[in-house]
Amino acid sequence: MELLSRVLLWKLVLLQGTAVLASSGPSRPATVGSAVVSEAAVNWAAGDRVVLRCQSPRMVWTQDRLHDRQRVVHWDLSGGGRGPARRLVDMYSAGEQRVYEPSDRGRLLLSPSAFRDGNFSLLILAAEETDEGLYTCNLHHHYCHLYESLAIRLEVTDDPLAAGARWDGEKEVLSVERGAPALLTCVNRAHVWTDRHVEEAQQVVHWDRQPPGVPHDRADRLLDLYASGERRAYGPPFLRDRVAVGADAFARGDFSLRIDPLEPADEGTYSCHLHHHYCGLHERRVFHLKVTEPIVEPRPRDSPGNGSSHSGAPGPDPTLARGRSVINVIVPEGRAHFFQQLGYVLATLLLFILLLITVVLATRTRRHRRGYEYSDKKSGKSKGKDVNMAELTVVSGDQTLYRGEDIQLDYKNNILKERAELVHSPLSAKNIDLDKEFRKEYCK
């Protein structure tokens, strides 16, 4: 008869617990975007092997063969009449229930289907004064690293009219009559506590790449990784064959991206997105990758004292990296190169000016010398008898002189009169051969 009454009472408790929704967590995480948990700027030289670290232990997926002992609920009591806080009862998601105090066995009950319907309420069959205190319902998900708790204060009274539940502003206070059953309600129907079978399908990791100047919402997808083992590669062909993530990424929680070898065209922003829909995890790690020129180390000179041999086999060419032919062009610094070219131009211009000045000076000196020689020769030929050019009167053609008018003048003497007549009288033209006269003079 006592067993039958317990069964009926427990069914009544389940119906009441189903009607009460005191969930301490969200019913369904609906995260649209990812929260940026880290952002870093990294510099790598072209040709190096790049590793962009993206790790999270919360993304480790393990198939539980022990009926998922990673989820547990336990009830604790503090402030009761039995001393400090103590553990009362706990139960794993596999249905294993454990009561710690022998005196509480048979008095404290949890629903065997708690991890299926989300009802973790604790039933005390007969409340006593020692049961008074602060009860805490603790939900732990070790796989998702989730911890939730709900506090309820229990008071035992002898007055049936004082029995009931009230809210004190922080927690629920439940008053029950001595010897009556007490139901401490703890309901959480979030999928993380009830839908274990969808863990594998809800884990996904993907890598995105943003070329310089491209916003985040227009990034290119590089890789998609699923906990089931499926992988999808995207991105441009020149980058797709050089990026990879470890095959055991979900087993170790390491989703680091490797680029081997790095090329200048790989520069941009890379994002690692971690989505665990089952655990409500949505994280993003951002890497701003900048590609620099490779550092070429000078080869050490071989000397007789260091034991090296000049006839030995030549070492590998440092310009050939990982089976790919790379031509390294060393470009001098811009400022030094500019001044060097400017010096060449100025030196050439100065040389041209000096050559032009030399040619001008030589030409002027030669002209002066030729002028002096011509003057000396002319002066030598003119030596001998001087010719009075004033005595020679040259008359051209048959020029006839006419006297325009007769001028009546009175002269003081006859000599002046004769001279005047000669001037005004017509004269016969006289032809003078100058060449002949000069020859006569020189022949003398």
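**Walking through the model**

Start with burial. Of the protein's 444 residues, 30% count as buried. Keep in mind that this is a predicted model.

Now the surface. The accessible area comes to about 30,100 Å². Carbon and sulfur atoms hold 55% of that.

Secondary structure next. The protein has 8 helices and 21 strands. On contacts: take pairs of residues at least 6 apart in sequence. Of those contacts, 60% join residues at least 24 apart.

Strand β18 covers residues 268–276, and strand β19 covers residues 281–292. They run antiparallel to each other, with 9 bridges between them. As a reminder, strands of a sheet pair through backbone hydrogen bonds, parallel or antiparallel.

Now the cores. The largest nonpolar core has 34 residues. Which of them touch the most other members? The answer is W75, F120, L122, Y135, L154 and L184. Strand β9, residues 146–157, gives this core its largest share, 4 residues. There is also a second, separate core of 27 residues. Its members include A46, V50, L52 and L257.

Stay with F120 for a moment. Leave out residues up to four places away in sequence. F120 then touches V73, W75, L110, A114, F115, C137, L139, C186, N188 and W193. So much for packing.

Last topic: confidence. The mean pLDDT is 75, and 65% of the residues reach 70 or more. Which element has the lowest mean, and which the highest? Helix α1, residues 2–19, is lowest at 44. Strand β17, residues 257–259, is highest at 93.

Two stretches to flag. Over residues 1–9, the pLDDT is below 50. That stretch has 4 contacts in the model beyond near neighbours in sequence. Over residues 389–406, the pLDDT is also below 50. There, the count beyond near neighbours in sequence is 8 contacts.

That's the tour. Questions, please.

Technical notes:
Residues are numbered from 1 along each chain as its sequence is written. This is a predicted model: local features need pLDDT of at least 70, side-chain atom pairs count only at pLDDT 80 or more; totals for chains, interfaces and linings use all residues. Side-chain values use heavy atoms; hydrogens and water are left out. Two strands pair if DSSP finds at least two bridges between them. Helices (H or I, at least four residues) and strands (E, at least two) are DSSP runs, numbered from the N terminus. Buried means under 20% relative accessible area, exposed over 50%, partly exposed in between (1.4 Å probe, protein chains only). Contact means heavy atoms within 4.5 Å. Accessible areas come from the Shrake-Rupley method with a 1.4 Å probe; for residues, only the protein chains shown count as cover. A nonpolar core is a set of buried Ala, Val, Leu, Ile, Met, Phe, Trp, Tyr and Cys residues joined through side-chain atoms within 4.5 Å. pLDDT is the predictor's confidence in each residue, from 0 to 100.
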